[in-house]
Amino acid sequence: MPAGMKPLEKFLKKQTNALTRAGGFGDKAAGTGASRRRASLSRVVPFFRETSPEGGPARDVFSPETEEAPCWPSAAADIRSPSLSSDEQSSEASLDTSWTPLAADTPENLALALLDSVAGKRYGNCTEILLDDFMLTHPIFLASDKFQQVLLQHALRFGAEGRQGEGWPSWDGVERKQAVLSVAFRYLDTYRELLQEEGDRSNSFPKDLYLCAVQELSRFPELVEDVLKLQRWTEILHNPAEEDKESRKKQVRPLFRHFRRIDACLQPREAFRGSDEIFCRVYTPDHSYVTIRSRLSCRVGEILALVREKLQYSEDQPTQPANLILVAVTSSGEKAVFRPSDEAVFTTLGVNTHLFACEPSELESLMPLPEEIHWSPGDSKLHDMSAEEVANQLVVFDWELFSCVHEVEFVCYVFHGEQARWRPLNLELVLQRCSEVQHWVATEILQCQSLPKRVQLLRKFIKIAALCKQQQDLLSFLAVVLGLDNPAVSRLRLTWEGLPGKFRKQFQQFESIADPSRNHKSYRDLLASLRAPLIPFTPLLLKDLTFLHESCKTFHGELVNFEKMHKVAEMVRSIRRYRSTQLVMDAEPSPSHLQTKAYVRQLQVIDNQNLLFEMSCKLEPKDM
């Protein structure tokens, strides 16, 4: 990797701090919690090097003194990194020249323009793009509750003969009704799983819209199909499929790696929802623990109440603590205290980060678990597994995790952080997996005491990376490459010298794909050459969204930069394209595939970089 590059960790942390100072997005305040949730991205790719941005601070795209609506610059220019040359920027531009985005306007007027377009009076063939842009990005500038109110208001407004809403042309009543219902159906379809999760909070919207439409059936019999469809939507949101509801009711699922059960890890991965119940261990200062059963989205105050209840029946706790706090302790000893109002903290934990409950006076005495700070050398189970089987299991698990992420989670993660209505729970687990695979590579190599066996592991990991790339899993491919590029591994001169030239040359090619120069051009060229299904390197997707977020403002006063929203939606649509075809594995499972599957889904890793470097120096001292 080129020298003089600073880690992506610092680059993304700088972006996060800038977002916090700017107030989250546009002119809206994000609060302190947003930076905590977004900051978890800065720990995902600790060895992914990044060029320093040359563009300086985010530029204003309007004059604050003017009272006129701003003339927004091309959204295509807003997203391009300053590290690209002009030729590369022109080849990177993906905006359709025939696309004319909406002019800057208030959120409510943009909703009216959307309804106008759906009725077929303004934008013609671009209506589908406009509708998709609005559905994917409206939470950024128009809260879902407010958007529902706008649709209901205009559904009611069309009842009187000849009455026209402000900004609406003189359509006939059927067109008006059908425009509102078409947009409502698209909204319900896009957010179906998230709305089902909210229960009564979201059930009232289709029900109220259904009642409005039923009242108009006598005057507009053409709406009968739409009314029946609305009725079905009301039933879907109010009564989820019985089999789905029953299966979720019975399931209490271990959360990724913080509570281990072999039978659970072998099951196909399903999307986490906030109402899912999980098992999780919460430790005390003496490293004893209680196992709690909790909703994934519950508040910290509720977690502490469950811990107190468990401690009441513990013989090891003769006196009950009066004032507990919840703390996340990393393997390196770093501590983060959660507020009682914080929600869904489980998915924000690092690879070897654990939850501790203690009194405030005990905070400084908290230490990582002994197994996190001590290590014992030994042979890796990986020696007995084929590279093909391990790579296949990596690809399958990555696909399951990536498929669980709702596309709106990408928008919520970057633009809202902790203030988002819908938590990016599944996206955070994908980021955690990326970090886990990187540290797994380093852990396996550095725990191996035999030099010949370390060389064999190097060869196997390079082969695994090649197979992941061949199967278009760029998440594990780059995670393995970056794990081999860990300073604690790359300094092992004797180990690398024992690697055959063919493998060294292949790894150099892989390093060139991870090269961040010219805005990661090598990686982007590779990505552009692939067709679905594929798994992208998710941290870079979030970095691109963050760059777009910072490069131009969302609001000018009350006016929304909809060109920016179009570019955000374009990036989200790229994720949709990656998953447009289902992944099918052709390989026949080996007799030991269940053992390999369990191993890959429960990787034992060391994520303390100081400990990894210490292990490296014991294998090959600095004076060698």
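## Residue N392

In this predicted model, N392 is found in helix α16, which spans residues 387–404, where helices are DSSP runs of H or I with at least four residues, numbered from the N terminus. N392 is buried, with a relative accessible area of 14%, and buried here means under 20% relative accessible area with a 1.4 Å probe and protein chains only. Leaving aside neighbours within four places in sequence, N392 is in contact with Q471, M585 and A587, contact being heavy atoms within 4.5 Å.

## Helices α6 and α26

The axes of α6 (residues 127–141) and α26 (residues 562–578) come within 8 Å and cross at roughly 105 degrees, the axes being lines fitted to C-alpha atoms over the stretch in contact, with angles from 0 to 180 degrees between N-to-C directions. The two helices α6 and α26 are therefore roughly perpendicular, a term for angles of 65 to 115 degrees, while those under 35 degrees count as roughly parallel.

Among the residues that meet are F134 and I140 in α6 and F562 and V572 in α26.

## Helices α18 and α28

For α18 (residues 425–446) and α28 (residues 609–619), the axes come within 10 Å and cross at roughly 30 degrees, which makes α18 roughly parallel to α28. The contact is formed by H439, A442, T443, I445 and L446 of α18 together with L612, M615, S616 and L619 of α28.

## About the model

Residues are numbered from 1 along each chain as its sequence is written. Because the model is predicted, local features need pLDDT of at least 70, side-chain atom pairs count only at pLDDT 80 or more, and totals for chains, interfaces and linings use all residues, while side-chain values use heavy atoms, without hydrogens and water.

Notes. Parallel < 35°, antiparallel > 145°, perpendicular 65-115°, else oblique. Buried < 20%, exposed > 50% of the residue type's maximum accessible area, 1.4 Å probe, protein only.
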